[in-house]
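The following exercises are to be worked with the sequence and the coordinates at hand. Each task is followed by a solution in steps.

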There are 2 protein chains.
Amino acid sequence: MLDRIADKWSLLVIALLEEKTLRFGELSREIDGISKRMLTVTLRNLERDGLVRRTVYPEVPPRVEYELTSLGRTLLGTTQALVTWSEEHQEEIARAREAFETAAH
Amino acid sequence: MLDRIADKWSLLVIALLEEKTLRFGELSREIDGISKRMLTVTLRNLERDGLVRRTVYPEVPPRVEYELTSLGRTLLGTTQALVTWSEEHQEEIARAREAFETAAH
């Protein structure tokens, strides 16, 4: 189960949805580097795991919206902490990688 | 960078090391389902990112130990929260998956 949530795209979708309701296009624009196919798979898996709710409105064309379920919201704090941690420590890690490569490895 | 830490094996290694120093064999026994090759790659990546320190003692045979660096320890709380969350919600997610599969999808 950990491999579902320990997944970069899932974490970014959860962190982005927060308390909001978003459409596919909005999610796609907000998440750097995610392909349409990967976003479709990620949303479907999150829906399947009960973390995201998908609502289809019978309009022409149909409107589809995504939001966190109550179960999904219990993961929000930890997810945002992990996303924030990775943003805040990006430089330290880049330096560590440089040092690792130049050292006798 | 998020994809490094948003990785099941990395999270399990970090959560397991905690404040301890462990050897490869101990890590390998404690983490269900991880292959020796995957543990080697995971530890090397974590070392490269400055999250884990690898210490080799010049004995015969050489003794190799792993521990979290100070940077690694800043990730510990969030990592444990994610691991604990996934353990605590395993059944809810299994039920959601069942419902998803039986519903008209």
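**Exercise 1. Helix packing**

At roughly what angle do the axes of helix α2 (residues 8–17) of chain A and helix α6 (residues 76–88) of chain A cross, and within what distance do they come? Classify the arrangement and describe the contact.

*Solution.* The model is a predicted one.

Step 1. The axes of α2(A) and α6(A) cross at roughly 115° and come within 9 Å.

Step 2. Angles of 65 to 115 degrees count as roughly perpendicular. α2(A) and α6(A) are therefore roughly perpendicular to each other.

Step 3. The crossing in which α2(A) passes α6(A) is left-handed.

Step 4. On the α2(A) side, the residues in contact are A:L11, A:L12, A:I14 and A:A15. They meet A:L76, A:T79, A:Q80, A:L82 and A:V83 of α6(A). By class, the residues of this contact comprise seven nonpolar and two polar, with no charged residue.

**Exercise 2. The interface between the chains**

*Solution.* 

Step 1. In chain B, 34 residues are in contact with 34 residues of chain A.

Step 2. About 3300 Å² is buried between chain B and chain A, and carbon and sulfur atoms give 71% of this area.

Step 3. Four salt bridges are found across the interface of chain B and chain A. A salt bridge also joins the side chains of A:D49 and B:R97, with an N to O distance of 2.5 Å.

**Exercise 3. Backbone geometry in loops**

*Solution.* 

Step 1. A:V60 and A:P61 are joined by a cis peptide bond with omega of about -5°. A:P61 lies in the loop between β2 (52–57) and β3 of chain A.

Step 2. In chain B, a cis peptide bond with omega of about -5° joins B:V60 and B:P61. The loop between β2 (52–57) and β3 (63–68) of chain B holds B:P61.

Step 3. A:E18, a residue other than glycine, has a positive phi near 45°. A:E18 is placed in the loop between α2 and β1 of chain A.

Note on methods:
Residues are numbered from 1 along each chain as its sequence is written. Chains are lettered from A and ligands numbered from 1 in the order in which they are written. This is a predicted model: local features need pLDDT of at least 70, side-chain atom pairs count only at pLDDT 80 or more; totals for chains, interfaces and linings use all residues. Side-chain values use heavy atoms; hydrogens and water are left out. Axes are lines fitted to C-alpha atoms, for helices over the stretch in contact, and angles run from 0 to 180 degrees between N-to-C directions. Helices (H or I, at least four residues) and strands (E, at least two) are DSSP runs, numbered from the N terminus. Angles under 35 degrees count as roughly parallel, over 145 as roughly antiparallel, 65 to 115 as roughly perpendicular and the rest as oblique. A crossing is left-handed if the near helix is turned anticlockwise from the far one by less than a right angle, and right-handed if clockwise. Contact means heavy atoms within 4.5 Å. Ala, Val, Leu, Ile, Met, Phe, Trp, Tyr, Cys and Pro count as nonpolar, Asp, Glu, Lys and Arg as charged, and the others, Gly among them, as polar. Buried area is the accessible area (1.4 Å probe) that two parts lose on being put together, summed over both.
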